[in-house]
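Good morning, and thank you for coming.

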Amino acid sequence: FASFPGKKARTFDLEAMFEQTRRTAVERSRKVLEAREREKEDQTEKEFRIPCTDSSASASSATRAGPTLPERYLDMMGDSMYHFPYLSAKGPTEDTDDDDDDDDEEFIGPPLPPGFKDSDDDNDNDDTEEEDNNPVKKIPDSHEITLQHGTKTVSALGLDPSGARLITGGYDYDVKFWDFAGMDASLQAFRSLQPCECHQIKSLQYSSTGDVILVVSGNSQAKVLDRDGFPVMECIKGDQYIVDMTNTKGHTAMLNSGCWHPKIKEEFLTCSNDGTVRTWDVNNEKKHKSVFKPRSVQGKRVIPTTCTYSRDGKLIAAGCQDGSIQIWDRNMSVHTKFHCRQAHASGTDTSCLTFSYDGTVLASRGGDDTLKIWDIRQFKKPLNSADGLPSFFPMTDCCFSPDDKILVTGTSVKKGGGSGKLFFFYRETFQKLYEIEVTDASVVRCLWHPKLNQIMVGTGNGLAKVYYDPVKSQRGAKLCVVKTKRKERQAETLTQDYIITPHALPMFREPRQRSTRKQLEKDRLDPMKSHKPEPPVAGAGRGGRVGTHGVTLSSYIVKNIALDKTDDSNPREAILRHAKEAEENPYWVAPAYAK
C-alpha cells in the first residue's frame, strides 16, 4: 500500500477524547447538582426559617460522588451525561441520608421547568374529570365513512377481534369483506360471496380468535367460513319428521340468530324456528353438542328469536316470541336458571340480547319498540327501560360502549318517514345522552368495537357506516381514508381470444395483440376482411350462388303456389267451374253408384 496515491487518513486519540468527554460530563453534573442543592436550601430556609449549614458539605459530597462512577460507564455515556445529571450523583459511596433518598425519588429524569409538572397534571385531571362527568365526549362521531354494501338491508355486521376486517351481510344474500388496512379512499370490498345461495343473511360473527366466521342465514344450517370466506363446516339438517327435537341431529327450520362462545373458540350457539337453541362444535358437523328447549307458561314449545352467551360463557340466554327471556346454565339444558315471563310484549320478536362487559347486566331490544336493562339476579322487573324506539327488523341491535357506561341502539323508519337514528343512553339512569341521524332509512345493526373505539352501523338502504374520531379512535377507518384512490388502468379489450403459447417455435408464434384500434385499422386495409357483403340473389342463381327458391321440390311447389294467379273472387263460379265436365264425362262418383 506504500504507493497508494490517496490522502493520509486522520488519526484520532480515542482515549484522550473519552477522558475529555468524561471530565466535561462530571463537571456539568457537579454544577447542576450544586445549583439544585442551593435551590433546596433556599426553599427550606423559607419554609422553616432555620439556617441550613449542610449545603457546602452536601455539595462537596456530591462532588466526591461524581468521579466514583465506573470510568468505563462514564466513557460510554459521553456527552449525554448532560441530559441525565442524576446519574453522576449515584455511586457506591453515596450517602444514605434521608435527604438523599428524597432527592433520588424527586429527581428522576431530566429536570422539568418550574411549575410545569403540576400544571400538566392538573390539566390531565381536569380533562379526565370532564370526560367522566360528560360521557357524550367519549362518543366517537366527529367523522364518518360510508361503505356501499348494496341496495338492500344490511342485516349483519361482524368485526374481527383486532378490528382489521369488517364483514357485512344483507337481504341481497351477499357477504362482503372489507379490509381497513388494504382499502384506499375508494372504499371497495375486497371480496363478495353468497355462502348460503338464496337465503338472507341473519347474523355474522368472528370467533374469539378471529380465524373463522359464523354465518347464520334463513336456512336451517349454519355455516362456518375461514377468514377469506372459504367454507370450513356446515351444520347438519335435522329430521323434520321426528317430534322430539332432542332426537334430531340438527335444526329443522329457519335459523334466527347465532354467536360464538367467548372463551372456547370451537363452540358456537344457534337458535331456530323449530323451537330449540343448540350448541355446536366446529370439529363435529354431524351432530349438535347440546339442546335447550324454551317453554311457554303452559309448557308448550316457543320460538327463540335471539340468543347469546354471557361474557364468561357460563350462561346461555334466549329471547322468545312469547315475550320471555330464558337463561340456562351452559352445562344444564333441562331447566332454566333464570326466567322472566313478561320481559317484552307477547307475539313480538325480541331482536337482541347482550350482556354488559362486567357481566352483571343484560340489555334486551324488543320488537315492542322498547330497550330494557336487567339484573338477572332480580329478574322480575327491569332496572331501567326506554320506549318509543320503533323496530321493524328481527335483528335490530343494541350494544354497550367499551367503558360499559353507555347503551346504544338504532331505530327503524318507514320509507319517506324521516331519518333512522342511533340513540345513546346512559346506563345508570337511562337518560338519553345523544343521537346521531344516520340516513333516511332504518338503522338495523350497530357495533361499538372496544379496541378501535369506532361505531359501525348497518342500515336499511344497503349502507354500512363507520363513525370514528381521529383522536379517540385507533386504526380502522383512519387507515383507509388517508390513502388516495388508485388510478384505474384502462383495460384494453382484445378483438379475439388468443391462445398464448410462450414456448412455440417462432414460425408458429402469433404476434401479441396490442390494442383494438390498431387491429381495426389493419382490418380495414385487408380486402378480404373489409369486403362489402354480397346482396341477396334475386331470381335464378348465378356465379355459383344458389337462387332464393333453392333447388328442392318443396321450394319449387311453394313458389308455384305463390305464382298461381287464378281469380277466386266469385266463389259460386269457382265451385261450378268443373260441373259441366263432370256431368258429361262422369269418372268418380256416378260409375260407382251405377253398379
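Is K137 buried, partly exposed or exposed? With a relative accessibility of 37%, K137 counts as partly exposed, where buried means under 20% relative accessible area, exposed means over 50%, and partly exposed lies in between, using a 1.4 Å probe and protein chains only.

Before I continue, a word on the source. This is a predicted model, in which local features need pLDDT of at least 70 and side-chain atom pairs count only at pLDDT 80 or more, while totals for chains, interfaces and linings use all residues. Residues are numbered from 1 along each chain as its sequence is written, and side-chain values use heavy atoms, with hydrogens and water left out.

Let us return to K137. This residue is in the loop between helix 5 (116-133) and strand 1 (143-148); helices (H or I, at least four residues) and strands (E, at least two) are DSSP runs, numbered from the N terminus. Although K137 and K472 are 335 residues apart in sequence, their C-alpha atoms are 9.7 Å apart in space.

Next, T153, which is found in the loop between strand 1 and strand 2 (154-159). T153 counts as buried, at 8% relative accessibility. Its side chain reaches the backbone oxygen of G460 at 3.4 Å. A polar contact is a pair of N or O atoms within 3.5 Å; within protein, one must be able to donate a hydrogen and the other to accept it, and residues adjacent in sequence count only if both atoms are side-chain atoms.

I turn to the annotation. Residues 309-329 are 0% helix and 57% strand, with end C-alpha atoms 10 Å apart. For residues 343-377, the figures are 0% helix and 40% strand, with 14 Å between the end C-alpha atoms.

Finally, the aromatic residues. The structure holds 9 aromatic pairs: rings of Phe, Tyr and Trp (its six-membered ring) pair if their centres lie within 6.5 Å, and planes under 30 degrees apart count as stacked, over 60 as edge-to-face and the rest as tilted. The ring centres of F292 and W328 are 5.5 Å apart and the planes are at 50°, so this pair is tilted. It links distant parts of the chain, since F292 is in strand 13 (residues 290-292) and W328 is in strand 16, 36 residues apart. F292 is buried at 0% relative accessibility, and W328 is buried with a relative accessible area of 0%.

The rings of F424 and Y434 form a tilted pair too, because their centres are 5.9 Å apart and their planes are at 55°. F424 is buried, at 0% relative accessibility, whereas Y434 is partly exposed, at 27%.
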